[in-house]
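Please read them with the structure open.

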Amino acid sequence: MKMSLPWREKRLFVALGEHSVALACMVNGWREWHTQAQHVLPLQEEIAAPALVAMLRSFMSAHGLGAGCRVHWFLPPDILAVAFVPQDLATVDTQWLPYQAPMVALGAIAGGRQFTTALWIHRNWQDLFRGVTEQVGGQLLYFHPRALYVHTLLQHKAHSNAENALQILKEGRDWHLFHRRHGLVRSLTQAQTLTPAQAEIRMGLEVQQVLTVLDAPATGVLNAQQQLQASAVQDVTLALSRVTGPVPREWRLSSAQLHACGLLMGQLTSWVEHRLQMVTGGLMLVFALGAAVAWQHDQTLQEEQREMAAQLKSLLPEVEKVQQLKTETSQQSQILNVHHAVSEKAYDWQVLARVLAHVPKGAAVQAVFLDHEALRVELLYPSAKGILSSWSIPEAIHPALTEVPDTRTTEDKAVRVRYAMHFKRVSDPAPPPAPKREP
Amino acid sequence: MKLPRLWPDALRQTRLMTWAPLLIPVLVFLTLADRWYPSYAEHRERHAEVALRLERAQALADLLPRYQEKADAQADGVEAAKKTALTNEQVDASVAQIKQHLQSMLTAEFIDEVPQFDITPDAPEGSSAGSALLLRVDLRLLVSPQQLAGLEARLLPFKDRFVPVEMELTVVPDPKRASRQLDARFHFRVMHMDKAPVTADASASVPPAAATVPPSNASSLPPQPTR
């Protein structure tokens with residue numbers, strides 16, 4: 001069993017033909033109206049309200065169409081006329097109508113500046129169908145030309161890609177003329193007294209009028225190839241007569257298609273209000289959901305914030321300890337830097353006394369310079385005799401001093417010799433052993 | 001997109017007030033945006049701020065073992081440095097202490113010719129001003145070799161405090177005594193430390209043996225050796 005969603009509105013479509021009445025229960029789908037159930041009932045006599053009421057009531061009760069159900073009537077051209085007016089309907093009077101203007105309901109379904117396809121129906125017919133609709137508890141909404149029913153039911157398409165291609169569907173005495181670009185432009189019911197040949201001639205004149213307006217409005221000259229051919233007329237009577245069995249899935253109408261081709265007879269206020277309620281409700285629902293999500297997120301944020309604040313509080317002693325240690329280690333580093341700078345260039349106090357105790361005999365110390373790198377001693381020899389060319393410092397005296405050649409200057413007979421002895425660096429690598437000569 | 005005929009028909013049939021319900025969600029939305037969103041935005045901002053603070057605090061707390069380790073590693077060196085430093089509240093006090101101490105040594109050795117006696121602060125390269133400071137002592141004396149030996153003997157016990165960096169001796173004539181004497185130039189380095197540079201709490205990380213040394217002892221100079 002197919003579930004029907006609450007917003008899927010059901011409507012009753014009544015297609016009135018020459019010898020039959022098609023009743024369809026239509027459901028508003030996502031993009032188009034489609035058939036849920038359809039009955040085709042024979043029409044034995046002239047159209048009468050009691051018979052129609054009986055048919056509609058029976059069908060509605062069988063398919064759950066309750067009170068207030070909106071009803072669309074698809075009427076043949078002898079009831080709802082489809083007239084081709086070669087002018088803009090808004091700029092001309094209604095003298096082309098066979099009745100006084102107050103006696104008809106009039107509307108346009110296609111056209112522009114060049115022409116208008118007008119729908120009109122006499123008030124008597126209007127009252128008849130409104131009465132039938134109200135008697136079955138429905139609401140009259142639209143009168144549509146039966147051509148729309150025929151066209152969509154049989155899925156006819158223009159047989160040519162030409163810009164002004166025309167298509168003629170013949171349904172008994174009803175002839176429907178479709179333009180490729182403008183859709184339904186003319187629909188008429190031929191008189192019973194006309195022979196088929198006469199009917200084709202009349203339809204040919206209609207075609208010529210349409211082509212004249214659309215193609216050559218200035219001259220009105222017709223092309224011979226545009227003359228009506230009998231073979232171009234498609235008789236759909238037989239096809240329609242077959243629509244009595246299972247529900248035809250082909251009868252699908254888009255809302256745009258449905259509402260653009262009809263005469264509005266009912267009130268749409270409640271429909272608009274219903275739609276607005278749905279939109280308003282939808283928006284409120286969306287906002288409510290958004291607000292609920294945001295509120296939940298807000299609560300989560302606050303909860304997380306409380307937890308993080310507690311964690312932060314528990315970390316505070318450690319953070320303070322780290323900051324304290326940071327300051328302390330910085331001060332420590334500074335103290336160590338200064339201490340290193342103070343002691344890095346210190347020399348040994350005792351080296352001077354040890355070295356000077358071994359000054360060569362006869363030499364007199366003239367100057368001494370001592371720092372952490374070297375000990376420089378200047379000796380004055382009274383003569384060149386006895387000068388030490390190099391002052392070797394035994395390890396017993398000071399193991400850290402290295403031997404360095406002297407430099408000398410002569411002053412008269414005395415000789416001034418400078419010795420420079422460097423301290424070994426701790427990091428100095430030991431000199432590699434001298435390579436032995438091969439025998 | 002072509003508007004279905006129904007909507008233009010519906011617009012013609014309805015009054016303006018029919019469309020008023022559409023204002024309800026708009027007003028609700030505006031009210032929510034006006035009344036509630038500021039506090040929501042404030043909560044989000046505060047949440048982000050607390051999260052950032054927590055992240056930083058956690059990063060700092062993670063560093064605690066490293067800082068503790070570093071402090072412990074440096075504590076011995078700092079204690080050793082403190083033993084060799086002059087600890088006073090201000091550097092001027094240390095300067096005066098050095099002057100007084102050296103002057104007493106010179107007096108004890110009867111050295112009265114002192115052409116130069118300068119003490120200047122000298123920050124080591126790359127260090128910033130802090131609780132410790134390097135003091136440079138430049139001393140020039142005209143002495144006999146015996147006086148020099150005596151002075152060295154007096155300075156020797158303080159070699160860790162008055163760190164000798166350079167010494168230059170030159171034999172020069174002594175016109176007063178018709179003899180010769182030594183023109184001696186000394187360059188010492190002394191470390192000054194502000195009192196209590198390390199916080200009391202931080203001293204807890206110092207090993208107990210080092211922590212038991214009272215700071216006041218470090219600032220006092222031991223008695224001079226007698227000849």
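1. Chain B first. Buried residues make up 38% of its 227 residues. Buried means under 20% relative accessible area, exposed over 50%, and partly exposed in between (1.4 Å probe, protein chains only). Chain B has 8 helices and 5 strands. From the N terminus, their order is α-α-α-α-β-α-β-β-α-β-β-α-α. Helices (H or I, at least four residues) and strands (E, at least two) are DSSP runs, numbered from the N terminus.

2. Ground rules. This is a predicted model, where local features need pLDDT of at least 70, side-chain atom pairs count only at pLDDT 80 or more, and totals for chains, interfaces and linings use all residues. Residues are numbered from 1 along each chain as its sequence is written, chains are lettered from A and ligands numbered from 1 in the order in which they are written, and side-chain values use heavy atoms, without hydrogens and water.

3. Strand β2(A), residues 20-28, has 8 of its 9 residues buried. β1(A), residues 10-16, runs antiparallel to β2(A) and is joined to it by 7 bridges. The hairpin between β1(A) and β2(A) passes through 3 residues. On the other pairing, 9 bridges join β2(A) to antiparallel β3(A), residues 32-42. Strands count as paired if DSSP finds at least two bridges between them. Check Met26(A): Arg11(A) stands opposite it, and its bridge partner in β3(A) is Thr35(A).

4. Helix α1(A). The 14 residues of α1(A), residues 49-62, should span 20 Å at 1.5 Å a residue, and the end C-alpha atoms are 20 Å apart, which agrees. The expected span is 1.5 Å times one less than the number of residues. Its buried residues include Leu52(A), Leu56(A) and Phe59(A). Seen down the axis, the buried residues of α1(A) fall within an arc of 165°, so they line one face. The arc is that of the directions from the helix axis to the C-beta atoms. Pro50(A), Ser61(A) and Ala62(A) are exposed on the face turned away.

5. Salt bridges. Glu171(A) pairs with Arg146(A), with the closest N and O atoms 2.5 Å apart. Glu171(A) lies in strand β9(A) and Arg146(A) in helix α3(A), 25 residues apart. Glu171(A) is buried at 7% relative accessible area, and Arg146(A) is buried at 5%.

6. A pair within one helix. Glu79(B) bridges to Lys82(B), with the closest N and O atoms 3.2 Å apart. The two are 3 residues apart in α4(B), residues 64-84, so about one helical turn separates them. Glu79(B) is buried at 9%, while Lys82(B) is partly exposed at 23%.

7. Phe110(B) has a phi near 60°, a positive value in a residue other than glycine. Phe110(B) sits in the loop between α5(B) and β2(B) and is exposed at 64% relative accessibility. Separately, Leu30(B) lies in helix α2(B), residues 23-35, and is partly exposed at 48%.

Conventions: A salt bridge is a side-chain nitrogen of Lys or Arg within 4 Å of a carboxyl oxygen of Asp or Glu.
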